[in-house]
Amino acid sequence: PQSVAIIGAGVAGIATAVRLAVQGHRVTVFEAQESFGGKMHQLELPGGYRFDGGPSLFTLPHLVDELFQLAGRNPHDYFRYHRLDPITQYFFADGTRLTAWADEERFAREVEEKLQVPVAEVLAFLRRSGRAYEATAGTFLQKSLHKAGTYLSPDVLKALAALPQLGLTSTMHQRHAAAFQDPRLVQLFDRFATYNGSDPYQAPATLSMIPHLEHGLGAYYPEGGIYAIAQSLVRLAEELGVEFRYREPVLEILTAGKRVSGLKTSLGTYDFGLVVSNMDVVPTYRRLLPHQPAPERTLSQPRSSSALIFYWGIGQRFPELGVHNIFFSQDYRREFEAIFREKTIADDPTVYVNITSGHTPTDAPPGHENWFVMVNVPHDQGQDWPTLIKRTRAAVLARVSQALGTDVASLIRAEQVWDPPGIEARTSSFGGALYGSSSNNTLAAFLRHPNFSGQLPGLYFCGGSVHPGGGIPLCLLSARIVSDLLKN
Ligand code: FAD
């Protein structure tokens, strides 16, 4: 057993702490903020509204269960969830409404009825997405891509061989446009590029496997909301003896000779032979390792998108809305050009509204709802955010008011905003990007930073800015890879 320090109590840092404690290590987590969760935090607004601050969609729940099982616990004693059905309510710009049911055949029948696309075409697409996921996900997401041994295993060779036919030369949008003539269905599937902060008009067609996560494997709702994931894992970690030190930012990773020797924090210095950084990899190098050579090529990969979020306490209930609601823009291509090429927000952005009070009634007073209203935006590059926020707020209100036939502005009882500079300030994510680097190019999977340092023995990395990528499931997998590396 060794003493391990983890920098940051984001979901990946907490999951790494659990795994390393189970392996018998003494684990200390240093967290800059007053509490755990990072992007996965919660907030409350006056009037009795609770919100999940960041992530809202939850897939692959067994990756959370697995942590409790590893520690010999029954997951249901800590954390419960149920499969969402329906998954999403879609509102298209032309007024068409469509419900994404959990059952693939029921969803396909809904698409046929509302968009006149034959059931068989929809099912064929979903099954192809499923096969692509099965062929590659195990490999690219669950192993370190940066250890030679990975490339000796048969399943890895099989997955690499499958890549070209999964579409390395075409984009996600081209794949969807070839599969469907109806532009609304193309837009619906293109949206899945945003699940890792990418642009469907640039990202490779391999990402067309993402819909399988939701439509094939299921979207889930944790009892009490997404924050329950962080809460229950911290409870488990503390039971396993992990020490959490809040309000103690790490200022420097110390080295002796050519290896990691400890940490300097706001409160003192500590000896540690093993350090895992859950801080975004860019500031980990720039701020905590100023004297070490940084992997410039990796760090300069284009960032993923960020988000602009309005948390609104709404003084009315909308039975036509569910947990996940999408109000699509008229011109999707324009929207991504604005984000990724012009570094701004389109005049008519797609709006995502997450409402948890229907499933967790204590999240809003009776007769009210808690609206988490999000627009995809570029990461912070010094834009004039106050002006963009004002303009976007008006566009969002116009869009949802038109779709719902109600003046939503007059229903707002409480409000808070989170923008890219705010996301960076709270979590240290470079530019406030939600998912580290984007997947807008074919080699993105290989250009993410590995889960270990090639230069400094004893230094490891977990979290959304390193391999295998951002989002809750991938963050949990990064924790698994780090703990596997430490077993060797
Ligand atoms: P983070 O959450 O980034 O946490 C890092 C932690 O490290 C923070 O607590 C920070 O304070 C701490 N820290 C940083 N530097 C230091 C330091 N020097 N010393 C001490 N502590 C430090 N994912 C999904 O799966 N589904 C979604 O629907 C989804 N939607 C999202 C919506 C929004 C608005 C956002 C912001 C994110 C969303 N994501 C979603 C992405 C998901 O939230 C992230 O990928 C994931 O939570 C990142 O976890 P992490 O472990 O990488 O670290």
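Which residue takes a positive phi in the hairpin of β3 and β4? Keep that question in mind as you start.

**Before you click**

This is a predicted model, in which local features need pLDDT of at least 70, side-chain atom pairs count only at pLDDT 80 or more, and totals for chains, interfaces and linings use all residues. Residues are numbered from 1 along each chain as its sequence is written. Helices (H or I, at least four residues) and strands (E, at least two) are DSSP runs, numbered from the N terminus.

**Stop 1: the hairpin**

Select β3 (residues 42-45) and β4 (residues 49-52). These strands run antiparallel, joined by 4 bridges. Two strands pair if DSSP finds at least two bridges between them. Find leucine 43; opposite it in β4 stands phenylalanine 51. Now the opening question: glycine 47 has the positive phi, near 105 degrees, in this hairpin with 3 residues between the strands.

Move on to leucine 60, in the loop between β4 and α2 (62-70). Its phi is also positive, near 50 degrees, in a residue other than glycine.

**Stop 2: the parallel sheet**

Select β9, β2, β1, β13 and β19. In that order, these 5 strands form an open sheet with parallel pairing. β9 (243-245) and β19 (459-461) stand at the edges with a single partner strand each, so one side of each has no neighbour in the sheet. The twist averages 20 degrees from one strand to the next. Zoom in on β1 (residues 3-7) and β2 (residues 26-30), which pair in the parallel sense over 5 bridges. Here isoleucine 6 stands opposite valine 29 in β2.

**Stop 3**

Strands of a sheet pair through backbone hydrogen bonds, either parallel or antiparallel. The next sheet has mixed pairing: 7 strands in the order β7-β6-β15-β16-β17-β14-β18, forming an open sheet. Its edges are β7 (97-100) and β18 (412-418); each has a single partner strand, so one side of each is left without a neighbour in the sheet. Select β6 (residues 88-91) with β7: they pair in the antiparallel sense over 4 bridges. Glutamine 89 has threonine 99 in β7 as its bridge partner.

**Stop 4: two cis peptide bonds**

Go to proline 86, in the loop between β5 (81-83) and β6. A cis peptide bond joins aspartate 85 to proline 86, with omega about 0 degrees. Then select proline 468, in the loop between β19 and α16. The bond to it from histidine 467 is cis too, with omega near 0 degrees.

**Stop 5: a helix pair**

Select α1 (11-22) and α9 (residues 227-239). Their axes come within 9 Å and cross at roughly 25 degrees. Axes are lines fitted to C-alpha atoms, for helices over the stretch in contact, and angles run from 0 to 180 degrees between N-to-C directions. That makes α1 roughly parallel to α9 (angles under 35 degrees count as roughly parallel).

**Stop 6: the ligand**

Which helix gives the most to the shell around the ligand? It is α1, with 3 residues. In total, 36 residues surround the ligand, and the closest are Gly8, Gly10, Ala12, Gly38 and Gly463. A residue is near a molecule if its C-beta atom, placed from the backbone, lies within 6 Å of it. Domain 1 (3-40 + 224-301 + 440-487) and domain 2 (83-222 + 303-426) both give residues to this shell, so the ligand lies between them. The domain bounds come from an automatic or database domain assignment.

Key. Angles under 35 degrees count as roughly parallel, over 145 as roughly antiparallel, 65 to 115 as roughly perpendicular and the rest as oblique.
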